[in-house]
Amino acid sequence: KNKLQKRNSTTKTTRGNEPTINRNEQMFRAGGYGRGRRGSGINPFFYYYAYRMYQQYQAVPNKPHGTLVVMAVMASYYFEVFPLLNDIIGDISSACFSPAKVLRDFELQRTLFSSFVHGDELHLAYNLSSLLTKGIKLEERYGGKAEKFVLLFCLVSVLTHGFAAIIAGGLFHSGLFDGDVYYNATYGSSGVLFALQTIVLGENPRGNYSFFGLQVPAHRLALTEVGLLYLMNPSTLNLIVHVSGILAGMLVLRPTKVINMLKYIFGFNLFGGFSNFSNNNRAREGRRGEGRNTPRLNGKRCVMTGLTGEQASLNGTWASIVRVLENGNKVVVKLDDETTTRGEIAVDRENVLPI
């Protein structure tokens, strides 16, 4: 009897030598695809959201067919319209995202399938509405090519949950967090929606957006929403997934800047694998831009980093890029520090982090 009570408990479970973890029994209920967990009847607010989405769809001249494909897969899975689709994705226990399942058991399909799984009608309706809004804008930029949006959705889903698994695993194995962040599971497309929002806002970062009556700058809107969601549902794993979505969107939008940012945070040697990529880019920029006064770098603000020797004291100081030398391998910068008499100095391109 005691063993049966422990097995049915929804609070804690221990697996061998693994840490004690929180477990949501409802999440792993056998045979649950989402709709089986909602009880009888459909939430009436789902019909309200469905009607609003229909109005939004009818109002745009160029129909977002790729977005509709992704939305149809989500809704079909939840309402179990096509049994074959549910067999491919599997039930919630085999499709939800768990860092331990991805990293330890190498179940990589979870990085994609978890984005199509939702817990109830409101969860599904809100994500479908948000996906439609972002899909309309993105497909318009892609010239109405549905396959591009579908591929983009799958790409950012894998990137988002891949980043989240690595971050959660690192936090757990470093001892900063307990087993909840590593062994717990989550599902839904919120992280992917943050990635898509980052791409939408990143291509036009100017202006303010209304957020619950507050005017929020475009480049801070995603982080503001992440903070609000964490206050409403303080889940560390969900927070990691949402932040990973922003990082995935940045990587798709500005891959070079994200790589430079990671280099700046963790050090250049750790990312030596990107050196050839960066050098090739700099060589191409130099061949294209030396005769054109390198408009991509000239005049840009930058931070000095990675300097050694006599120039080590300049690390962390701000400067402005004046010109590029030697096919992009060196740059001349003008230091902002008025106390120094050096004025303009030449440094390696890798020691300059454009902002």
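Which residue caps the N-terminal end of H8? Aspartate 120 does, with a side-chain oxygen 3.3 Å from the backbone nitrogen of leucine 122. Such a polar contact is a pair of N or O atoms within 3.5 Å; within protein, one must be able to donate a hydrogen and the other to accept it, and residues adjacent in sequence count only if both atoms are side-chain atoms.

Before we walk on, a word about the model. It is predicted, so local features need pLDDT of at least 70 and side-chain atom pairs count only at pLDDT 80 or more, while totals for chains, interfaces and linings use all residues. Residues are numbered from 1 along each chain as its sequence is written, and side-chain values use heavy atoms, with hydrogens and water left out.

Let's start with the whole chain. Its secondary structure comes to 15 helices and 9 strands; helices (H or I, at least four residues) and strands (E, at least two) are DSSP runs, numbered from the N terminus. Of the 355 residues in the chain, 41% are buried. Here buried means under 20% relative accessible area, exposed means over 50%, and partly exposed lies in between (1.4 Å probe, protein chains only). The accessible surface of the chain comes to about 19,500 Å², and 56% of that belongs to carbon and sulfur atoms. These areas come from the Shrake-Rupley method with a 1.4 Å probe, and for residues only the protein chains shown count as cover. Contact means heavy atoms within 4.5 Å. Among contacts between residues at least 6 apart in sequence, 63% join residues at least 24 apart.

Now back to H8. This helix has 21 residues and reaches 30 Å from its first C-alpha to its last, close to the 30 Å expected at 1.5 Å a residue. The expected span of a helix is 1.5 Å times one less than its number of residues. After H8 comes glycine 143, whose phi is positive, near 75°.

Among the buried residues of H3 are Val70, Met71, Met74 and Ser76. Leucine 85, in helix H4, touches Val73, Ser76 and Tyr77, not counting residues up to four places away in sequence.

Glutamate 80 has a positive phi of about 55° although it is not a glycine, and it counts as partly exposed because its relative accessibility is 36%. Phenylalanine 106 also has a positive phi, of about 60°, without being a glycine. Its place is in the loop between H6 and helix H7 (110-113), and phenylalanine 106 is exposed because its relative accessible area is 60%.

Next, look for the rings. The structure holds 8 aromatic pairs. Rings of Phe, Tyr and Trp (its six-membered ring) pair if their centres lie within 6.5 Å; planes under 30 degrees apart count as stacked, over 60 as edge-to-face and the rest as tilted. Phenylalanine 46 and tyrosine 47 form an edge-to-face pair, 6.4 Å centre to centre with 75° between the planes. Tyrosine 48 and tyrosine 49 are edge-to-face too, at 5.9 Å and 70°. Phe46, Tyr47, Tyr78 and Phe79 form one aromatic cluster. Phenylalanine 46 counts as buried because its relative accessibility is 12%.

Our last stop is around H6. Not counting residues up to four places away in sequence, serine 98 touches Arg110, Tyr182, Tyr183, Asn184 and Ala185. Alanine 100, found in helix H6, is buried at 2% relative accessibility. By the same way of counting, alanine 100 touches Asp105, Tyr182 and Tyr183. Alanine 100 and tyrosine 182 are 82 residues apart along the chain, yet their C-alpha atoms are separated by 5.6 Å.
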